[in-house]
Amino acid sequence: MDGQLLPVLLLLLLLLLGNSGPGGWGHGPESPSEELPEEEVPREDGILALSRHTLGLALREHPALLVEFYAPWCGHCKALAPEYSKAAALLAEKSIPATLAKVDGPAEPELTEEFGVTSYPTLKFFHDGNRTHPEEYTGPREAEAITEWLRRRVGPSATLLKDEAGVQVLAGTQDVVVIGFFQDLQDKDAATFLALAQDALDMTFGLTDQPQLFQKFNLTKDTVVLLKKFDEGRADFPVDKELGLDPGDLSRFLVTHSMHLVTEFNSQTSSRIFAARILNHLLLFVNQSLAAHRELLADFREAAPPFRGQVLFVVVDVAGDNDHVLQYFGLKAEAAPTLRLVNIETTKKYAPTDEEPITAAAVTAFCHTVLNGQVKPYLLSQEVPSDWDQRPVKTLVSKNFEQVAFDETKNVFVKFYAPWCTHCKEMAPAWEALAEKYKEHEDIIIAELDATANELEGLPVHGFPTLKYFPAGPGRKVIEYKSTRDLETLSKFLDNGGELPVEPTEKPVTPFPESPANATVGSKEEL
C-alpha cells in the first residue's frame with residue numbers, strides 16, 4: 001500500500017512547490033497570463049505618450065482616443081506636431097470629450113505591426129476601447145480640422161433643427177449649410193446623412209423632421225438642401241424613395257454645388273479646386289489690374305451654369321503669384337487674356353483653335369468642342385539644346401525624346417523631374433554618378449527630361465521624380481523603376497537588364513518609409 005501512495009505523495013509535493021511563487025513551475029512574473037503593473041501614462045503638451053505597456057490602460061480610460069503613429073525622423077510628423085498640440089488644447093478649451101495620443105512607431109514595432117502601420121504619420125481613432133477596429137483619420141492635418149473631426153464623432157454631426165429660427169441661426173454661421181429633411185430621423189437615409197456629415201468638415205450640417213420646415217422649404221419628400229450665400233443660393237437633392245440615399249451621389253452633389261460657379265485660383269482655393277472631383281478645368285487667364293480684362297469675367301460667368309459638375313470654371317490672375325500655373329500650360333503673362341482647358345486625370349490640355357474675342361458664346365463653344373472630342377490636345381515642348389548630348393546625363397525634350405528613348409540599339413534610363421521638386425534635387429548626385437559610371441557603355445544612355453515643360457503623348461507623368469527604363473530592341477517596351485534611388489541599387493537595375501536581382505531579405509521591422517500619400521514624393525501639382 002505504501003508503494004502505491006508514494007507516487008501520489010510525490011505528485012502533491014510537486015504541485016505545492018509549483019504554486020509556491022517565483023521559484024516554482026507555476027505562473028511567475030514572466031508568464032504572459034499575469035499582467036505587468038500598469039504604468040502611469042505620461043503627457044507631452046497635452047498628448048498621451050503611449051507604449052505597448054500603456055495603450056491598454058489608455059483605451060480603458062479614454063473612450064474617444066486618437067493615436068498618432070510617428071517616427072522621430074519623419075519630416076511630415078514634425079510638421080504635424082504643432083498642429084496636433086494645438087488640437088489637444090482646442091479639445092480641452094471646447095470641452096470635447098476626446099483625447100489625443102502618440103506612439104513612437106520605430107520604438108514600438110509590436111504596435112505598428114498590430115495596427116498595420118506602414119507609413120508615418122498614421123492616425124487611428126479608437127472608440128469605446130475597441131482595439132480591433134480603429135478608424136483611420138484621413139482628414140486635413142490641421143488643428144481645427146482634427147478637432148472638428150473628433151467633435152463629430154463624440155457628438156452629433158448635425159444640429160437638430162426644430163423651427164425656422166434654428167435654421168436661420170445655422171444658415172448665418174457659414175457660407176454653405178446643408179440641411180437634411182427626413183420624415184423619420186431613425187431611418188437608414190438619415191443615418192447615411194449623419195455618417196457623411198462626420199467627414200465633410202468644410203460644411204455645416206443640420207437635420208430636421210418638422211412638418212412646418214418641410215412646408216417652409218416647399219418640400220413634400222425627404223430631401224437634402226444645400227443653402228449658400230452665393231450663386232443660385234440653394235440646391236436640392238431629393239432622396240430616391242426606392243433606392244434610398246446613396247452616399248456617393250450625395251457627396252458628389254455637395255462638392256459640386258458648394259463650389260462657386262467661377263473660382264479664382266490662389267493658395268487658399270487651390271486645394272478645394274482639386275478636391276472637387278470635377279475632371280475638366282476651364283481656365284481664363286486675365287490680368288486683374290486691367291479694366292478690359294476684368295470686363296471679361298461677366299461673360300465667363302454667364303457661360304458657366306450649364307457646365308456645373310462637368311467643367312470647373314477657374315480664373316487665373318497673371319499679375320498674381322501664379323507663374324507656376326503659366327509654366328504648366330506653357331504660357332507667358334503676355335498671352336492673357338486667353339483660355340485653356342485641362343483634364344486633370346489625363347493631364348491633356350486644350351487651347352482654342354482661333355483668336356476670337358472671349359464672349360459667353362465663345363466660351364460655351366470651346367467647352368463643347370473639347371467635350372465632344374472635336375479638338376486635339378496640345379503638348380508642351382522646349383527646343384532641343386545644342387549641347388543636349390555633351391554631358392554624361394543627356395538632356396531630352398519632347399522633340400528629341402522619341403528618337404533617343406526608342407532607339408532599338410540603346411538601353412535608355414530616363415529621369416522625369418520638376419525643377420522645384422525637392423526629391424528630384426536630392427537624387428541628382430546619384431543620377432549624375434550613375435551617368436558618369438556608365439558613360440563609356442555605348443549601349444546605355446542616362447538622360448533626364450523636365451516634365452513640367454515637356455509632355456509626351458501616351459506617356460503621362462503623374463509624380464516626381466519618375467524613372468523609366470527603355471530597353472534596347474523592338475516593341476517599344478517601357479519599365480518603370482520603383483526602388484530606392486541610390487547609385488548601388490540603380491546600378492544593379494541596369495546591370496540586370498532592367499530589373500533588380502532577387503535577393504533573400506529579412507522582413508524589416510523599422511523604420512517604415514514615408515508613403516507617397518504622406519511623403520512629398522514630388523506629387524505633381526495639376527496647376
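**Close-up views of a predicted model**

**View 1. Isoleucine 179 is paired across a sheet.** In the predicted model, isoleucine 179 has glycine 206 of β9 as its bridge partner. Strands are DSSP runs of E with at least two residues, helices are runs of H or I with at least four, and both are numbered from the N terminus. Strands β8 (residues 176–181) and β9 (residues 204–208) run parallel and are joined by 5 bridges. Two strands count as paired if DSSP finds at least two bridges between them. The open sheet has 5 strands in the order β7-β9-β8-β10-β11, with mixed pairing. β7 (159–160) and β11 (234–238) stand at the edges with a single partner strand each, so one side of each lacks a neighbour in the sheet.

Residues are numbered from 1 along each chain as its sequence is written. Local features need pLDDT of at least 70, side-chain atom pairs count only at pLDDT 80 or more, totals for chains, interfaces and linings use all residues, and side-chain values use heavy atoms, without hydrogens and water.

**View 2. The largest nonpolar core has 23 residues.** Such a core is a set of buried Ala, Val, Leu, Ile, Met, Phe, Trp, Tyr and Cys residues joined through side-chain atoms within 4.5 Å. Buried means under 20% relative accessible area, exposed over 50%, and partly exposed in between (1.4 Å probe, protein chains only). Leu282, Phe300, Phe313, Leu339, Val363 and Phe366 touch the most other members. Elements giving two or more residues are β13 (280–286), α12 (296–303), β14 (311–317), β15 (338–343) and α14 (360–371). α14 gives the largest share, 5 residues. Leaving out residues up to four places away in sequence, phenylalanine 300 touches Val262, Leu282, Leu284, Phe313, Val314, Val315, Leu339 and Val363; contact means heavy atoms within 4.5 Å. A second, separate core has 22 residues, among them Ala158, Ala200, Leu226 and Leu250.

**View 3. Tryptophan 73 and tyrosine 120 form an aromatic pair.** Rings of Phe, Tyr and Trp (its six-membered ring) pair if their centres lie within 6.5 Å; planes under 30 degrees apart are stacked, over 60 edge-to-face, the rest tilted. This pair is edge-to-face, at 5.9 Å centre to centre and 80 degrees between the planes. Tryptophan 73 lies in the loop between β3 (64–70) and α3 (75–93), and tyrosine 120 in the loop between α4 (109–114) and β5 (122–127), so the pair ties together parts 47 residues apart in sequence. Tryptophan 73 is partly exposed, at 39% relative accessible area. Tyrosine 120 is buried, at 0%.

**View 4. Phenylalanine 285 and phenylalanine 329 are paired edge-to-face.** Their ring centres are 5.7 Å apart and their planes stand at 70 degrees. Phenylalanine 285 is in strand β13, and phenylalanine 329 is in the loop between α13 (323–328) and β15, 44 residues apart. Phenylalanine 285 is buried, at 1% relative accessibility. Phenylalanine 329 is also buried, at 1%.

**View 5. Five named aromatic residues form one cluster: Phe413, Trp431, Tyr469, Tyr481 and Phe493.** A search of the whole structure finds 25 aromatic pairs.
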